[in-house]
Amino acid sequence: MKRIFFILCLLAAVHATSQKNIYESRKFDDLTEAHTVLAIIPFLTHLDLKNEISKEELRAREEKEGYAVQNALETYFSRRKKRKKFSVDFQNIKNTNALLAQNDIDYDNIDVHTVKELSAILGVDGIISGNIDLNVLLSDGVDTKFNFLDYFLGDADYGSIGVKISDGKSGKLLWKYEKEINKKSGKNTDDLIDRMMKLAARKFPYDREKRRDRKKDPTG
């Protein structure tokens, strides 16, 4: 019995490790040398819910989830910024969304605008954006009770999320973090973002310690 439990734990650990994927541009330092402010925009959401709902309600729920991620990221960055963890500031999302609205950009059409266009409109050096695919309403809270059987039946998988940072001037991708979402990821959107960003903290390119280490070892 102990051996079976050990194997299950090992499989779960391997599964969790395979869920994290981080990319960083080799030109990151060159492209971000003058970066001071980033904007977080609403995430594009795709919901695949078991219960049947109208297209209008589905779109409204997808929009809600997209703004929930935007808000959760701002909360996370704000907490760490107070501890002087980052080398950049983050635009208040109320200002971000107001500027977008003033330029007739909303959740339904934000994806047709380029990073360069959005950066110019928002007056920032870079854009934090992303996609989230869910089969649950994460912002409403989800079941996080651990059960090995759920992992093998697929009931523990809630979807995936990708967070990316793009340079405002060139439009080039600077950094991307992808992760699968399951019962162990968090009980709601704030919990998910807090946990996943903590896992990526030392890999976050604007982290002061990371940049300091990189300057000490330019080849690393």
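1. Let's start with L73. In this predicted model, L73 touches I40, F43, I128, I193 and M197, leaving aside residues up to four places away in sequence. L73 is also one of the residues with the most contacts inside the largest nonpolar core, a set of 32 residues. F77, I128, I161, I193 and M197 share that description, and you will notice that I128, I193 and M197 are among the residues L73 touches.

2. Which elements build this core? Those giving two or more residues to it are β2, α3, β5 (126–134), β6 (157–167), β7 (173–182) and α7 (189–199). The largest share, 5 residues, comes from α3. Apart from this core lies another, of 9 residues, and I41, I105, L118 and L122 are among its members.

3. Now for helix α4, which covers residues 93–102 and whose buried residues are I93, T96 and L100. Looking down the axis of α4, you would find these buried residues within an arc of 55°, so they line one face of the helix. The spacing makes sense: an α-helix has 3.6 residues a turn, so residues three or four places apart point the same way. On the face of α4 turned away from the buried side sit the exposed residues K94 and Q102.

4. What covers the buried residues of α4? The cover includes β2 (37–40), α3 (55–82) and α5 (115–122). For α3, the contacts can be named: Y67, Q70, N71 and E74 in α3 meet I93, T96 and N97 in α4. The axes of α3 and α4 come within 10 Å and cross at roughly 140°. That angle makes α3 oblique to α4, because the roughly antiparallel class takes angles over 145 degrees.

5. The two ends of α4 are worth a look in your viewer. At its start, a side-chain oxygen of N92 reaches to within 2.8 Å of the backbone nitrogen of K94. K94 is also one of the exposed residues on the outward side of α4. Beyond the other end, α4 is followed by D104, which has a positive phi, near 60°.

6. One last stop is E180, in strand β7. Is E180 buried or partly exposed? Its relative accessible area is 34%, so E180 counts as partly exposed, given that buried means under 20% and exposed over 50%. E180 and S160 are 20 residues apart in sequence, yet their C-alpha atoms are 4.1 Å apart in space.

Note on methods
Residues are numbered from 1 along each chain as its sequence is written. This is a predicted model: local features need pLDDT of at least 70, side-chain atom pairs count only at pLDDT 80 or more; totals for chains, interfaces and linings use all residues. Side-chain values use heavy atoms; hydrogens and water are left out. Buried means under 20% relative accessible area, exposed over 50%, partly exposed in between (1.4 Å probe, protein chains only). Helices (H or I, at least four residues) and strands (E, at least two) are DSSP runs, numbered from the N terminus. The arc is that of the directions from the helix axis to the C-beta atoms. Contact means heavy atoms within 4.5 Å. A polar contact is a pair of N or O atoms within 3.5 Å; within protein, one must be able to donate a hydrogen and the other to accept it, and residues adjacent in sequence count only if both atoms are side-chain atoms. A nonpolar core is a set of buried Ala, Val, Leu, Ile, Met, Phe, Trp, Tyr and Cys residues joined through side-chain atoms within 4.5 Å. Axes are lines fitted to C-alpha atoms, for helices over the stretch in contact, and angles run from 0 to 180 degrees between N-to-C directions. Angles under 35 degrees count as roughly parallel, over 145 as roughly antiparallel, 65 to 115 as roughly perpendicular and the rest as oblique.
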